[in-house]
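Please work through the exercises below with the sequence and the coordinates at hand, trying each task before reading its solution.

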Amino acid sequence: MTVNGSDQRGRQGPSPLEGERIRPLSRWQIEDRLEGLGDLYAQTAGGDPRAWNQDRELFLRRLAVEVQRPGFALLVAERGELREPAGVGVVLTGCAYGFPVRANGPWWRGLDGYLPRELLRLAASERLFAISGLVVHDRVRTQNQGRDWNLARRLQRRLLADHSAGLTDRPAVLGVMLVDRRDTVTLRALRSWGWRSVTADSRDGRPSTPCRALVVGP
């Protein structure tokens with residue numbers, strides 16, 4: 001999983017980010033924009049700048065695997081920016097991607113140790129969607145996390161809505177993510193964006209899992 005103040009809930013007040021546009025990219029468009037996506041990840045990773053090239057390459061390798069999954073979807077967030085002397089250009093400010101969890105797919109086989117049975121059943125109707133990447137700048141993680149227009153919230157909400165729109169009767173879709181228990185920074189950010197932890201019905205004496213399962217949606 002990739003996720004690179006007071007909780008002010010509600011819609012009151014204008015959004016300083018309302019000019020950011022969110023749109024999906026096709027697989028061909030993703031290939032054309034790999035350099036920009038890699039740069040975005042490196043800029044938001046928060047690590048030592050000397051390690052950016054390595055982080056960037058690892059991210060692009062993971063993305064190359066993810067994009068092959070059935071139903072894969074990727075959204076980018078962009079905003080216009082004045083660039084002298086060329087005029088207004090487009091700046092990439094975030095991205096999010098994932099894929100539907102299928103009951104007969106490899107990603108589903110292992111979720112039984114993390115999710116209760118009632119949620120696992122959603123995979124049979126493709127109503128369980130794994131959000132495996134959510135890449136945003138630090139200000140999105142630390143400022144106005146509870147506002148509807150927070151970019152991370154907009155990206156995750158749009159991913160689920162787009163997937164739901166492709167299903168019969170447009171049922172509600174639940175987002176799911178597995179996060180390393182030691183990654184407290186990511187866990188804190190996700191919870192501030194409305195994600196909640198869930199656990200399997202019974203572990204039957206099994207040892208603690210290395211990840212936490214979080215879900216978002218209805």
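The exercises that follow concern aromatic pairs and salt bridges in a predicted model.

**Exercise 1. Classify the ring pair formed by Phe59 and Tyr97, and determine which parts of the chain the pair ties together.**

Solution. Step one is the geometry: the ring centres of Phe59 and Tyr97 are 6.4 Å apart and the angle between the planes is 55 degrees. Since planes under 30 degrees apart count as stacked and those over 60 as edge-to-face, the pair of Phe59 and Tyr97 is tilted. Step two is the location: Phe59 belongs to helix 3 (residues 52-66) and Tyr97 to strand 4 (residues 87-100), so the contact ties together parts that are 38 residues apart in sequence. Step three is burial, for which the cut-off is under 20% relative accessible area; Phe59, at 1%, is therefore buried, and Tyr97 is buried because its relative accessible area is 1%.

**Exercise 2. Classify the pair of Phe72 and Tyr97, and state which residues form the aromatic cluster.**

Solution. The ring centres of Phe72 and Tyr97 lie 5.9 Å apart with their planes at 40 degrees, so this pair is tilted. Phe72 is in the loop between helix 3 and strand 3 (73-83), whereas Tyr97 is in strand 4, so the pair ties together parts that are 25 residues apart in sequence. Phe72 and Tyr97 are both buried. The cluster is formed by Tyr41, Phe59, Phe72 and Tyr97.

**Exercise 3. What does the side chain of Arg69 meet in a salt bridge, and over which ring does its charged end sit?**

Solution. Arg69 meets the side chain of Glu66 in a salt bridge, with an N to O distance of 3.2 Å. The charged end of Arg69 also sits over the ring of Phe99, 4.5 Å from the ring centre. As to accessibility, Glu66 is buried at 12%, while Arg69 is partly exposed at 22%.

How values were computed. Residues are numbered from 1 along each chain as its sequence is written. This is a predicted model: local features need pLDDT of at least 70, side-chain atom pairs count only at pLDDT 80 or more; totals for chains, interfaces and linings use all residues. Side-chain values use heavy atoms; hydrogens and water are left out. Rings of Phe, Tyr and Trp (its six-membered ring) pair if their centres lie within 6.5 Å; planes under 30 degrees apart count as stacked, over 60 as edge-to-face and the rest as tilted. Helices (H or I, at least four residues) and strands (E, at least two) are DSSP runs, numbered from the N terminus. Buried means under 20% relative accessible area, exposed over 50%, partly exposed in between (1.4 Å probe, protein chains only). A charge sits over a ring if NZ of Lys or CZ of Arg is within 6 Å of the ring centre and within 35 degrees of the ring normal. A salt bridge is a side-chain nitrogen of Lys or Arg within 4 Å of a carboxyl oxygen of Asp or Glu.
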